[in-house]
Amino acid sequence: MSITYSALSIASWRSSTHSGNGGQCLQVPAEKIPGLMPVRDSKRPGRATLAFPDAAWSRFVTAVAEPNGPLAR
């Protein structure tokens with residue numbers, strides 16, 4: 001599967017519902033892209049977009065959500 005930069009440039013992006021009003025968050029496309037999770041910086045939306053395979057993104061989200069995970073306070 002390939003996705004072009006132009007497809008991401010015309011995508012509608014949304015911020016996480018968990019981001020609050022701080023403005024320091026990731027944005028994801030409003031429409032799901034099968035097999036891929038593109039993310040971009042909400043403060044610099046014109047900069048590079050990173051794209052992760054769904055499985056890798058899922059493992060990342062699971063890891064940071066764990067009570068003793070890398071973002072535990």
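Modeller: A helix here is a DSSP run of H or I with at least four residues, a strand is a run of E with at least two, and both are numbered from the N terminus.

Biologist: Before we go on, what are we looking at?

Modeller: It's a predicted model, where local features need pLDDT of at least 70, side-chain atom pairs need 80 or more, and totals for chains, interfaces and linings use all residues. Residues are numbered from 1 along each chain as its sequence is written, and side-chain values use heavy atoms, without hydrogens and water.

Biologist: Okay. What makes the W57 and F60 pair tilted?

Modeller: Rings of Phe, Tyr and Trp (its six-membered ring) pair if their centres lie within 6.5 Å; planes under 30 degrees apart are stacked, over 60 edge-to-face, and the rest tilted. That rule gives two aromatic pairs. For W57 and F60 the ring centres are 5.3 Å apart and the planes stand at 40 degrees, so this pair is tilted.

Biologist: Where do W57 and F60 sit?

Modeller: Both are in helix 2, residues 54–65, three residues apart, or about one turn of the helix. Ring pairs also bring in F52, making a cluster of F52, W57 and F60.

Biologist: How do you know whether W57 is buried or exposed?

Modeller: Buried means under 20% relative accessible area, exposed means over 50%, and partly exposed is in between (1.4 Å probe, protein chains only). W57 has 17%, so W57 is buried. F60 has 44%, so F60 is partly exposed. Across the 73 residues of the chain, 21% count as buried.

Biologist: And why is L8 called buried?

Modeller: Because its relative accessible area is 10%. L8 belongs to helix 1, residues 5–9.

Biologist: What makes K32 and D54 a salt bridge?

Modeller: A salt bridge needs a side-chain nitrogen of Lys or Arg within 4 Å of a carboxyl oxygen of Asp or Glu. In K32 and D54 the closest N and O atoms are 2.9 Å apart, and they form a salt bridge. K32 is in the loop between strand 2 (26–29) and strand 3, while D54 is in helix 2, so the pair ties together parts 22 residues apart in sequence. D54 is partly exposed, at 28% relative accessibility. The rule finds one salt bridge here.

Biologist: How do you know that R40 has no salt bridge?

Modeller: Lys and Arg count as positive, Asp and Glu as negative, and His and the chain ends are not counted. For R40, which is buried, the nearest side chain of opposite charge is D41, 8.3 Å away. R40 lies in strand 3, residues 36–41.

Biologist: What does the side chain of R40 make a polar contact with?

Modeller: The side chain of Q27, at 2.8 Å. A polar contact is a pair of N or O atoms within 3.5 Å; within protein, one must be able to donate a hydrogen and the other to accept it, and residues adjacent in sequence count only if both atoms are side-chain atoms.

Biologist: Last one: why is R44 called partly exposed?

Modeller: Because its relative accessibility is 48%. R44 is in the loop between strand 3 and strand 4 (50–53).
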